[in-house]
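Subject: Structure for you to look through

Dear colleague,

I am passing on the structure we spoke about, and my notes follow below it. Please read them with the model open beside you.

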Amino acid sequence: MSDGLESNDVRTYPDTRCFGRGMNVPRESGLEADSGGDAGAETPGVFLNSCPSSIESPNKRVLFVSYLFPPVGGVGVLRVAKFAKFLPECGWRSSVLTAENPSVPLFDESLLADIPGGTIVRKAKTCEPGYAFKSSVAAAATSPSFVARCKRGVKNVLKRIANVVLQPDAQMLWYPAAVSEGVRLLREVPHDVIVASGPPFTNLLVGAALSRKTGVPLVLDYRDEWDISNTYWENKRPGRITNWVQRRMQRHAVRAASAITATTPASAKALQQVAIDSACSATSTSIYNGFDPADFPTPGESLPRDDFGNGTDLFRLSFAGTLWELTSIEPFIEGVRCLVERAPILAERLEIVLAGRRAGRQDEFVDSLQGLPCKIVRLGYLEHSDAIRLMTTSDALLLLLSDVPHADRVISSKVFEYMAAKRPIFAVSPDGDQCDVLREHPGAAICSPRDPEGVAYALAERLEEHRCGVIPSVEGWNFRRFERRAQTAQLAGLLDGILERSGGGVDNDDPPAKEAIPFAKQETLQVIAASTLMAETETGL
């Protein structure tokens, strides 16, 4: 990792505080290091990868607030990283406020290649315990010994306290340093818009605080809806009072926003109602996730298939991502068991590959297939390039979405990379926005999670096609509108509109447009939440 990635500080740009928007930043500031000056100089906090030479160096700059950012791995990182990659083509450069020591399970150094030159990365420390410590506590609690049972009891108590006190999420321990570093950056370097992307939803609160303190317009980008995440995310079962506190937090953030973005049309509609309920005039729009063609093999390039111990001739159905309550594999497993009962010979030709993290009881559901004729391969987290390789060398790709309330507003971010892999998609998903997108795909089979017989029948069809050498073609379908470049252009249009309405930019030394709400008030909300711990414990809220 380069020095620029490890440093917490960004270069202090001489005299930038006197430069309003529309004036040039001095060359010696280092902001344009990739297009002039000494391109090989080490500039802490600034990536010096070359932007496309055909792109004129833009003067407009957006600050992304994102606790998750490369080299952190996982699908949640890609949205902001790809925005940062393609925004220079639309006349915008990016800065990113992120965590210096994120408490996360996954890192993927390969994602750093997407970050273009001129991207400022400012890091702030979080007070969270490291993920390795949290994992060791969880592992110790699985032992049957008396000491382990005691540890498990303490762990459960601490987890409950943390879930109640740390609102909206554990990343609230990042909030004070993030706001401090963000204000410092905004005063050092002129920015036109702030985009706060969540979850974690602390990002939205940080963005709101920065907007109120500096007057820079704010966009709230919901990769997932706040309420849906709270309902289904592992280790989170908020009670009524906790929900009340979080609704107030969300409204507090929304009232600071000039615009709201979501990843699906139905989600954008729901968030528009949140804005109305919050007495906020911001409009909500949907910007899909997408895929980057540069991540995929070039046309005509053929990659060899990995052998996971079952040979390479079986029908390989692969899932890449996290299995959790909202993407539970249980309905699919029930369908496989039905297939085994009705067509065991066909089931022998099935290889199921699961790549990624599996939370809660997901491994238990998979274990129920042990001893059956189909083959199961469990992989851990794959670097993004390896996940793409798995997708493009599989016979079909498994897409899961649980049939739970509000799932109709969810589209898995993997849908678009599945499409770009040009492989048939086998979806077990309830009706909603995700199915609306999938119905355009000529190689998609869509099954209801409530219909294991239908899952078994669709699997049998795919297996029989494979046995006969029939390969469903998806080559004739145009999916270019789902490219990350197109989604970034949509975001750039939104940012341009905000900039135009704000009069061409914000002088970050001007008094804040709105009175900043002290962090102490956030702490007060947490104290209120903490005081309800006993009540929630006793009443089972």
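In which sense do strand β9 and β10 pair, and over how many bridges? Strand β9 (residues 350-355) pairs with β10 in the parallel sense, over 5 bridges, where two strands are said to pair if DSSP finds at least two bridges between them. Within this pairing, V377 in β10 is the bridge partner of V353.

Before going further, please note that this is a predicted model, in which local features need pLDDT of at least 70 and side-chain atom pairs count only at pLDDT 80 or more, while totals for chains, interfaces and linings use all residues. Residues are numbered from 1 along each chain as its sequence is written, and side-chain values use heavy atoms, with hydrogens and water left out.

The chain as a whole

The protein chain has 19 helices and 13 strands, these being DSSP runs numbered from the N terminus (helices are H or I with at least four residues, strands are E with at least two). Of its 541 residues, 54% count as buried, that is, under 20% relative accessible area with a 1.4 Å probe and protein chains only, whereas exposed means over 50% and partly exposed lies in between. Contact means heavy atoms within 4.5 Å, and of the contacts in the chain with a separation of 6 or more, 80% are between residues 24 or more positions apart.

The parallel sheet

β9 and β10 belong to an open sheet of 6 strands in the order β10-β9-β8-β11-β12-β13, with parallel pairing. Its edge strands, each pairing on one side only, are β10 (375-379) and β13 (444-447). From one strand to the next the twist averages 20°, with axes taken as lines fitted to C-alpha atoms (for helices over the stretch in contact) and angles running from 0 to 180 degrees between N-to-C directions. Helix α10 (residues 330-342) packs on the sheet, where it touches β8 (315-320), β9, β11 (396-400) and β12 (425-428), and its direction makes about 165° with that of β9.

Further along the sheet, β11 and β12 run parallel and are joined by 4 bridges, with A427 in β12 as the bridge partner of L399. In β12, I425 and A427 point one way and F426 and V428 the other, and all are buried. In general, the side chains of a regular strand alternate between the two faces of the sheet. β12 also pairs with β13 in the parallel sense over 4 bridges, and F426 has A445 in β13 as its bridge partner.

A buried loop residue

L369 lies in the loop between α12 (362-367) and β10, and L369 counts as buried because its relative accessible area is 1%. Apart from neighbours within four places in sequence, L369 is in contact with I333, V336, R337, I352, C374 and I376. The C-alpha atoms of L369 and R337 are separated by 7.4 Å, although the two residues are 32 residues apart along the chain.

Helix α17

The 18 residues of helix α17 (residues 484-501) should span 26 Å at 1.5 Å a residue, which agrees with its end C-alpha atoms being 26 Å apart; the expected span is 1.5 Å times one less than the number of residues. Its buried residues, among them L491, L494, L495 and I498, pack against β1 (60-65), α2 (78-86), β2 (92-99), β4 (193-198), β5 (218-222) and β6 (259-262). Just after α17, G503 takes a positive phi of about 90°.
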